[in-house]
Amino acid sequence: MTQPEENYYDILSVRPDASLQDITTSYRKLAKILHPDVCESPDADELFKVVNEAYQVLKDPKKREEYDATLVLAESSQYSRYYQGTHRYRDPRTWYYTNQHQKRTTQAVHEEPVQQPKSSFPRIVQVLLFYLTLFMAVIIIAELFLLPWISGTNSTDARNSLAEGNRWMSQEEYQKAIESYQDATVKLPSFAEAWRAKGFAEMKKGDALSRLGLPDAEQYYRDAIRSFSKISPQNPEDLAVTKAMAEAYLNVHDRRSALSLLNSAEKSGHWDTEMSDLLRDINSPSGQATSTPVSS
């Protein structure tokens, strides 16, 4: 236990005019002896704090100068009346601890608590924006990597179905060809070649049923019109499709649509002699052209 009359120099066992090297050497010796992990004394913890406190003040030139000034003033004041000497690190002579502690306490009392900046967006909006951004990132990744891969796979399957339909067409198995072409358009809805082939297969099937006098022929002509409509606006130069579509309109007794289609083709310049003959037949007194076999 330290004595009431001891100051920091006494605690470190150095002279008041000791150099920093002497102070450091003495502190290290005492620290090794009084460290609570080494010293068995019940006062080891308190003594170690006292030694450390003394060293923290005396090693700093500015703090040491201020501490020396307090020692000079203490000799001629009522300072000793407040001296307790029981807990050195809380003793009035321990100027550094007392002074700094009071400053921190006073500052903490008078300062207002720091307010954290508040966001202008409510928490729920921030969460929604986060998940929306995450969702958009997933969509972008899918469009860049996943969809091209799927489209490539579907494109291969669609072309296989188209080739299968062409084989059925060469064997005049029109119904099976239609089913193969339909499978190709399902796998790749933008497959114009499959829609074209499907339309011609439906025209062939309708002609075959019409020759037999079966009523189902008209439904195949209507299906052909729908198939050709998928590609006709994008390919006005495909004269075979335009002619076949006009004939399909005539076969379902839609003369007005056939005339409109042929007149539009004539104005656009996508025209040939067969279409001229068809238009002339439609405008003939009978008002109905004679259907001719469709060629693709």
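Modeller: Helices and strands here are DSSP runs, a helix having at least four residues and a strand at least two, numbered from the N terminus. The model is predicted.

Biologist: In what order do the elements of the protein run from the N terminus on?

Modeller: The order is α-α-α-α-α-α-α-α-α-α-α-α. The secondary structure comes to 12 helices and zero strands.

Biologist: What share of the residues of the protein counts as buried?

Modeller: Of 296 residues, 33% are buried. As for contacts between residues at least 6 apart in sequence, 56% of them join residues at least 24 apart.

Biologist: How are two packed helices described?

Modeller: By the angle between their axes and the distance between the axes. Take helix 10, residues 239–251, and helix 11, residues 255–268: their axes come within 7 Å and cross at roughly 160°. Angles over 145 degrees count as roughly antiparallel, so helix 10 is roughly antiparallel to helix 11. The crossing of helix 10 with helix 11 is left-handed.

Biologist: Which residues make the contact between helix 10 and helix 11?

Modeller: Helix 10 contributes Thr242, Met245, Ala246, Tyr249 and Leu250, and helix 11 contributes Arg255, Ser257, Ala258, Leu261, Leu262 and Ala265. Sorted by class, this contact of helix 10 with helix 11 has eight nonpolar, two polar and one charged residues.

Biologist: At what angle do helix 10 and helix 12 pack?

Modeller: The angle is about 20°, and the axes of helix 10 and helix 12 are 10 Å apart. Angles under 35 degrees count as roughly parallel, so helix 10 is roughly parallel to helix 12. Helix 10 and helix 12 also have a left-handed crossing.

Biologist: Which residues of helix 10 and helix 12 meet?

Modeller: On helix 10 they are Leu239, Thr242, Lys243, Ala246, Glu247 and Leu250; on helix 12 they are Glu274, Met275, Leu278 and Ile282. The classes in the contact of helix 10 with helix 12 are six nonpolar, one polar and three charged residues.

Biologist: What is leucine 262 in contact with, leaving aside its neighbours within four places in sequence?

Modeller: Leucine 262 is in contact with Ala246, Trp271, Met275, Leu278, Leu279 and Ile282.

Biologist: Backbone angles next. Where is serine 13 placed?

Modeller: Serine 13 is in the loop between helix 1 (8–12) and helix 2 (20–34). Its phi is near 60°, a positive value in a residue other than glycine.

Biologist: Is serine 13 buried or exposed?

Modeller: Residues over 50% relative accessible area count as exposed. Serine 13 has 61%, so it is exposed.

Biologist: Which loop holds histidine 253?

Modeller: Histidine 253 is in the loop between helix 10 and helix 11. Histidine 253 is not a glycine, yet has a positive phi of about 65°. Its relative accessibility is 65%, so histidine 253 counts as exposed.

Technical notes:
Residues are numbered from 1 along each chain as its sequence is written. This is a predicted model: local features need pLDDT of at least 70, side-chain atom pairs count only at pLDDT 80 or more; totals for chains, interfaces and linings use all residues. Side-chain values use heavy atoms; hydrogens and water are left out. Axes are lines fitted to C-alpha atoms, for helices over the stretch in contact, and angles run from 0 to 180 degrees between N-to-C directions. Angles under 35 degrees count as roughly parallel, over 145 as roughly antiparallel, 65 to 115 as roughly perpendicular and the rest as oblique. A crossing is left-handed if the near helix is turned anticlockwise from the far one by less than a right angle, and right-handed if clockwise. Contact means heavy atoms within 4.5 Å. Ala, Val, Leu, Ile, Met, Phe, Trp, Tyr, Cys and Pro count as nonpolar, Asp, Glu, Lys and Arg as charged, and the others, Gly among them, as polar. Buried means under 20% relative accessible area, exposed over 50%, partly exposed in between (1.4 Å probe, protein chains only).
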